[in-house]
Amino acid sequence: LCGVEASERFYEIGTPATLAETDAFLRARQENARARQGNARARQENARARQERSRSRGIVHALRTRSDLFGQGTRYALAGGVVALVYLLTTTALATLVELPFELALAIGFCAGIVVHFTLQRKFVWTGRGEFALPLRRQTARYLAAAGTQYGLTAGGTSLLPATLGLPVEAVYLAIVAILISTNFLVFRNIVFHPEPGTADS
């Protein structure tokens, strides 16, 4: 056996002062433990948030870069929704806030919708397939031809078919719009915004 001589008393708990010191020490340890737990939870929340942001960015990136029918169809539908909103808001704002004649507001809203639609088709919907086969000028000409054909078919169909088929104008209009939306997707994909020959869709 051996011993170490202690010249000073290094530990005591029997006096009020040391009891208070011990209580403060234990409370501090509990607070530190709770703080560490809080920091761990915060780190976990931050990690989950980063994962969610990464997953969202991955979805957006896939949506923007996928050149298969699903990606193109999804972008085509989103672009159509944006254009419809622009058309509606522009026409409504000009007619109600600026107090333009409704026919003029409608024409301006239609033109604004055409511009936004063409831009989204060229810059958003049909990206990821390589260079376009047509330059901007020829794309514009074909796009306007398609838009004019769509307008003519809609006007002619809604004026002739309701009496011929015995259907309401609204039903004929909705059917024509549904057919033209699907047809325009194929026209834009293969005739207006198609890639250079030999470029395969991924």
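Student: Which residues of α3 are buried?

Tutor: Ala 105, Gly 109, Gly 113, His 117, Phe 118, Gln 121, Arg 122 and Val 125. Buried means under 20% relative accessible area, with a 1.4 Å probe and protein chains only. This is a predicted model, where local features need pLDDT of at least 70, side-chain atom pairs count only at pLDDT 80 or more, and totals for chains, interfaces and linings use all residues. Residues are numbered from 1 along each chain as its sequence is written, and side-chain values use heavy atoms, leaving out hydrogens and water.

Student: What do the buried residues of α3 pack against?

Tutor: They pack against α2, α4 and α5 (169-192). Contact means heavy atoms within 4.5 Å.

Student: Why is α2 called roughly antiparallel to α3?

Tutor: Helix α2 (residues 69-96) and helix α3 (residues 102-125) pack at about 155°. Angles over 145 degrees count as roughly antiparallel, so α2 is roughly antiparallel to α3. Their axes are 8 Å apart.

Student: What makes up the contact of α2 with α3, by class?

Tutor: It has 19 nonpolar, 7 polar and 1 charged residues.

Student: Why is α3 called oblique to α4?

Tutor: The axes of α3 and helix α4 (residues 136-165) cross at roughly 125°. Under 35 degrees is roughly parallel, over 145 roughly antiparallel, 65 to 115 roughly perpendicular, and the rest oblique. Therefore α3 is oblique to α4.

Student: Which residues make the contact of α3 with α4?

Tutor: From α3, Ile 114, His 117, Phe 118 and Arg 122. From α4, Leu 136, Gln 139, Thr 140, Tyr 143 and Ala 147. His 117, Phe 118 and Arg 122 are also among the buried residues of α3.

How values were computed. Axes fitted to C-alpha atoms, helices over the stretch in contact; angles between N-to-C directions. Helix = DSSP H or I, 4+ residues; strand = E, 2+ residues; numbered from the N terminus. Nonpolar A, V, L, I, M, F, W, Y, C, P; charged D, E, K, R; others polar. Buried < 20%, exposed > 50% of the residue type's maximum accessible area, 1.4 Å probe, protein only.
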